[in-house]
Amino acid sequence: MAECASVAANPAMSALAKASFGLFLGALPSTSSPQGCFLSPLSIVYALSLAVNGAGPKSPTHTELLRVIAGPDGQQQGLSEADLNSDLGRAMALLNGGKCGAADGATGPGSEMILANSIWTHRGMQLKQAYVESMQSLFQATAREATNGAADINAWVADVTRGLITDLITTDNFDAVLANAIYFKGLWEHAFKPELTRPGNFTTSTGEAKQVHMMSQLFEGRGKEALTGVHKEGLYDAISLPYKGGAFRAVALLPSRGVDVGAAIRDWAAGPQEFQSVGRVRVTLPKFKVTSTMSLVPLLKGLGVEAAFSSAAANFSRMADGQLYISDVLHKAVVEVDEQGTVAAAATAVMMMRCVPMPPQELVFDRPFVFMIYHNPTGLPAFVGVVNDPSAA
């Protein structure tokens, strides 16, 4: 089995990571699900990258979308489209590097991630061949016609996500769709023992105490059982839980009592974080499943994306000859955690429509009106009149 590759963090990846947390923090206030909020910034970034590469260079459409992907740090660094394409392309190769087996030569399954992009046309829409070939080269994006409308795209998403997401798009009213789907399955390096799972109290965000299934594991703090974490006095405690293979880890962050979850995440995202050994520790974590479905339009508009959503202002001239605009950006994500590990999936669809020409304004002179004849060089009115009844003409 191929060894899992790793790369040192670079400024662009750091900027993308911070921008990813910005996307989540922007979505968090609008989430009304009592379960919580779960999304994949990675899926959103790749779907938006398909869009920004089709936008007219230096147009407001391009500038606004690029700003969201790069984030504030990326703007300060002057990250260009080419920079982001290069880094996201390399990241995709690593993420799709195959299954990462257990560390130190141990046998058994490890963690797996699938990240896929696709471009869809509908109702006779034609995209520029240069754009399609570029997206295939940069992001391995497949291009095909959605002959059966949303059903074809949903089938593709379901295949990538192993059936975890089957109904991302619910309408056939689109001309093109830029889609990303991501799937993850990871087995804990140190699995929780099912026999130690017990009912326990969990206080929800509304203050209600509920009985849930609590997993529990004692880590001795030596050798392979030495966990690392971050402690911020008065803010939060975070613990890193590795998956088999070493390529992925989960980080569970518990805000201190009285600290808002959003405030804790903002501090975390400001990073970088220094993980240190936590010594002997018992971790008690609930089993859970969270599903989130949302339109990202309010979030993206809040981050300054306006032109792309306007049928009059959108500029996707590198993608198609006809005028296109983004009608919606759909996102769905699911995560499930139990004693064995984690399965998670997400999908993003950038829905695009052809701009329908606005009907011409009408000016009907069907009542008394003024009629004037001007001499343009001098600006003098040579004739001025009022027409009350043209029937005698």
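**Note on the predicted model**

1. The model under review is predicted. To begin with a local detail, the side chains of Asp366 and Arg367 are joined by a polar contact of 3.0 Å. Asp366 belongs to the loop that runs between S13 and strand S14 (369–375). Is Asp366 buried or exposed? With a relative accessible area of 59%, Asp366 is exposed, because the threshold for that class is over 50%.

2. Along its principal axes, the C-alpha trace of the chain spans about 105 × 45 × 40 Å. The radius of gyration of the chain is 27 Å, whereas a compact globule of 393 residues would have one near 21 Å.

3. The overall composition may be stated briefly. The chain contains eight helices and 15 strands. Of its 393 residues, 43% count as buried. Among contacts with a separation of 6 or more, 68% are accounted for by residues 24 or more positions apart.

4. In one, six strands form an open sheet with mixed pairing, in the order S2-S1-S3-S13-S12-S11. Its edge strands are strand S2 (142–145) and strand S11 (288–295), each of which pairs on one side only. From one strand to the next, the twist of this sheet averages 15 degrees.

5. Strand S1 (residues 112–121) illustrates the mixed pairing of the six-strand sheet. S1 pairs with S2 in the parallel sense over four bridges, while ten bridges join S1 to S3, and these two strands run antiparallel. What stands opposite Thr121 in S2? The residue is Glu145; in S3, Thr121 stands opposite Ala176. Nine of the ten residues of S1 are buried, so S1 is largely enclosed by the rest of the structure.

6. H2 has twelve residues and reaches 16 Å from its first C-alpha to its last, close to the 16 Å expected at 1.5 Å a residue.

7. How many of the twelve residues of H2 are buried? Eleven are, so H2 is largely enclosed by the rest of the structure. The buried residues of H2 include Pro41, Ile44, Tyr46, Leu48 and Leu50. Ser43 and Ser49 are also among the buried residues of H2.

8. The other sheet to be considered is open, has three strands in the order S4-S5-S10, and pairs in the antiparallel sense. Why is one side of strand S4 (198–203) and of strand S10 (281–286) left without a neighbour in the sheet? Both stand at the edges, each with a single partner strand, so one side of each has no neighbour there. S4 and S5 pair over six bridges, and the bridge partner of Thr203 in S5 is Ala209.

9. Gln217 is found in strand S5 (residues 209–219). Its relative accessible area is 10%, and Gln217 is therefore buried, since the class takes values under 20%. The side chain of Gln217 reaches the backbone oxygen of Ala191 at 2.6 Å.

Terms used:
Residues numbered from 1 in each chain as written. Predicted model: local features only at pLDDT ≥ 70, side-chain atom pairs only at ≥ 80, totals over all residues. Heavy atoms only, no water. Buried < 20%, exposed > 50% of the residue type's maximum accessible area, 1.4 Å probe, protein only. Polar contact = N/O pair within 3.5 Å; in protein donor to acceptor, adjacent residues only side chain to side chain. Pairing = 2+ DSSP bridges. Axes fitted to C-alpha atoms, helices over the stretch in contact; angles between N-to-C directions. Expected span 1.5 Å × (residues − 1). Rg over C-alpha atoms; globule rule 2.2 N^0.38 Å. Contact = heavy atoms within 4.5 Å.
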